Amino acid sequence: MLGVDTVPPPRDLLRRMGRAEFVRADIRNPLIAKVISGAGVDTVVHASVSANPASSGGRTAMKEMNVIGTMQLLAACQKAPSVRRVVLKSTTAVYGASSRDPALFDEAMMPKEMSSGGYAKDAAEIEGYLRGFGRRRPDVSVTVLRFSNFIGPRIDTVLTRYFALPVVPTVLGYDARVQLLHEEDALAVLERAATEELPGVFNVSADGVLLLSQAIRRAGRVPLPVPSLAVGPVSRVLRSARLVDFSPEQMRFLNFGRVVETRRLRDEFGFTPRWTTVQAFDDYVRGRALRPLLGPEQVAWLERGVLAAARTLR
Amino acid sequence: MPEARVIPLRADESGVGTRPCRRPGAQGQGRRPPRAAGEPPAPSPVRPEPEPTAEQPAWEAALEESLDFVRRRLTGDYTVDEFGFDRDLTDGLLLPALRPLYRKWFRVETIGMHHVPAEGGALVVANHSGTLPLDSMMTAVALHDDHPAKRHLRMLGADLVFRLPVLGALARKQGGTLACNPDAERLMTSGELVGVWPEGFKGIGKPFRDRYKLQRFGRGGFVSAALRTGVPIIPCSIVGAEEIYPKIGDLKPLARLFGAPYFPITPLFPLLGPLGMIPLPSKWYIEFGEPIRTDTYTPADADDPMLVFNLTDQVRETIQHTLYRLLSQRRNAFLG
């Protein structure tokens, strides 16, 4: 088993990697072909599609990493006869988010309007390249996993940082439906896709839905509704303060949300997520030890107080 | 395929008479909907309150209940379904807010509630009117309050509704979703009661002189959705909603400015400003007609355009004739 990344993993991770080996390589470089053919790789899991411009050194570098990197990787796979299986970690962001979309997306649906740039466009293009690869190498089993947003006590994403803000800015008058996936379930799905032959496109998400306002309250945060006109400046402030870096498509996601149909995941892929969206979110809140500004205990205490006062008044 | 059906303007007395009138406890069960002149108005029903005990007066139970509701809202302790339907908010806040309008202002009377199944999917198809979609709100209250099974109506709305801030979010929380076939079929197969207003903006925004004239029924998407899922179609005729905001004019440039389908002028709006937003207190009747079964067809029939057109026409004619019948029995738009 080979792990490939541009930066070496931290030491504690290296210790837990067991028999896996690490190769420091850049998939944008044709050198990756040597890695694949040299080691006689049979299964390629492409999980490096980056969603966050800040962590990958700006939007240009991110796009290059995502799109050019995938092209190089697939070119290397096409030349390597040993490759039998390719798994792509994609995203449900390819469906977009708008007011004109049906409530649930299934795997056959396309976005109403193609995203003009950013992560969603990268992911859609990468999926396109992978389809082309599948046509050229029909002997290779191709699995596309469209993950919804990850959450959990250990993972670090835009969303986990967002909910950790003491006062959480939301868009005034909108309340998105949010569907999440626990990090452990995500890893289990990737593992299953890598070890078994399950070709096709699958939405991967936990059951159930949280409203954005509901999630903020469950985390004990205080929502701060911002009028749509002020959303731009507020997100710039958050970005420059290095708190949360929201791209325009993530802002649309916060307006309308996105829910996907996961019947194929359960029936054809044969995986049922262990955590529901609500359980995964609560696990994140517990695991991060987010100290609520207004927790359930305080609210229950207030409730009892008001009731007791009312009884004495009687 | 049935030929054009003749729908009598006056339904036979026995048929209507045995139908349960709106509330089981209300007086005048089996009475024809519009009251005879001089008859006292039916007393507004008292909701069965939990028996107040000596140590706990009723107001305290009510306070306890509302505090519990506030606690659930503040801690996010409620569930929403994948469409964004928030049952807790709908039952605890939205429906109670609409109830005074339903009972006291419009004094809505429902007829033929027994035609709505107590469980399982069904498609309620109604006429649309009144400049603002209060008719859909009132239908939702009627099906929750006056139906023994307290059903929630899952309304299908235009995409404009969901683009709007506040309203779009509220519409989803109240159980609405975008009017598109995937959503409609998903709701009906999961056994929900779905409401559509196929006239859309043509119906709700028609001028007052065209009142109670049904507009074109879209492309019949609702019929094909019902055919695919095999749920009954329940025609629903709403009388009274046309008079709440009589639209006597339309400021097209302003409508274009706001991106709205129309900018209404009513006798009171915009003349009285915000006061003109108060709907006129017309007397409402909501009649649910006999269900039109679709389980006798196969799902493949949904792709037969002729069948879809014929069924669409049948539903439309039924609603139109029920409207004419209810109107002919109504003496006054405001007194009933």
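Five salt bridges are found across the interface of chain B and chain A, a salt bridge being a side-chain nitrogen of Lys or Arg within 4 Å of a carboxyl oxygen of Asp or Glu. The model is predicted: local features need pLDDT of at least 70 and side-chain atom pairs count only at pLDDT 80 or more, whereas totals for chains, interfaces and linings use all residues. Residues are numbered from 1 along each chain as its sequence is written, chains are lettered from A in the order in which they are written, and side-chain values use heavy atoms, with hydrogens and water left out.

One salt bridge joins the side chains of B:Arg71 and A:Glu303, with an N to O distance of 3.3 Å. Elements of chain B that each supply at least two residues of the side touching chain A are α2 (58-75), α5 (159-163), α6 (167-173), β4 (177-178) and α7 (181-189); helices (H or I, at least four residues) and strands (E, at least two) are DSSP runs, numbered from the N terminus. The largest share of this side, 10 residues, comes from α2(B). By class, the side of chain B that touches chain A comprises 16 nonpolar, six polar and 16 charged residues. Here Ala, Val, Leu, Ile, Met, Phe, Trp, Tyr, Cys and Pro count as nonpolar, Asp, Glu, Lys and Arg as charged, and the others, Gly among them, as polar.

In total, 38 residues of chain B are in contact with 32 residues of chain A (heavy atoms within 4.5 Å). The two chains bury about 2,800 Å² between them, 60% of it on carbon and sulfur atoms; buried area is the accessible area (1.4 Å probe) lost by two parts on being put together, summed over both.

The structure also holds eight cavities of 30 Å³ or more. A cavity is a set of points, on a 1 Å grid over the protein atoms alone, where a 1.4 Å probe fits but cannot get out, and lining residues have an atom within 4 Å of a point. The largest cavity has a volume of about 180 Å³, a volume being the space filled by probe spheres set on the grid points, which are joined across faces, edges and corners. Of its 20 lining residues, A:Arg177, A:Asn255, A:Phe256, B:Phe162 and B:Arg172 lie nearest the centre. The helix α6(B) gives the most to this lining, with three residues. Nine nonpolar, six polar and five charged residues make up the lining of the largest cavity.

The second largest cavity contains about 100 Å³ of space. Its lining includes A:Tyr162, A:Phe246 and A:Met251, and α8(A) gives the most, with four residues. By class, this lining has 10 nonpolar, two polar and no charged residues.

Over all chains, the structure holds 44 salt bridges. In one of them, A:Asp139 pairs with A:Arg84, the closest N and O atoms being 2.9 Å apart. This pair links distant parts of the chain, 55 residues apart: A:Asp139 lies in the loop between α4 (119-136) and β5 (141-147) of chain A, and A:Arg84 in the loop between α3 (58-79) and β4 (85-91) of chain A.

Conventions. On a 1 Å grid over the protein atoms alone, a cavity is a set of points where a 1.4 Å probe fits but cannot get out, and a pocket is an open set with protein on both sides within 12 Å along at least five of seven lines; lining residues have an atom within 4 Å of a point.
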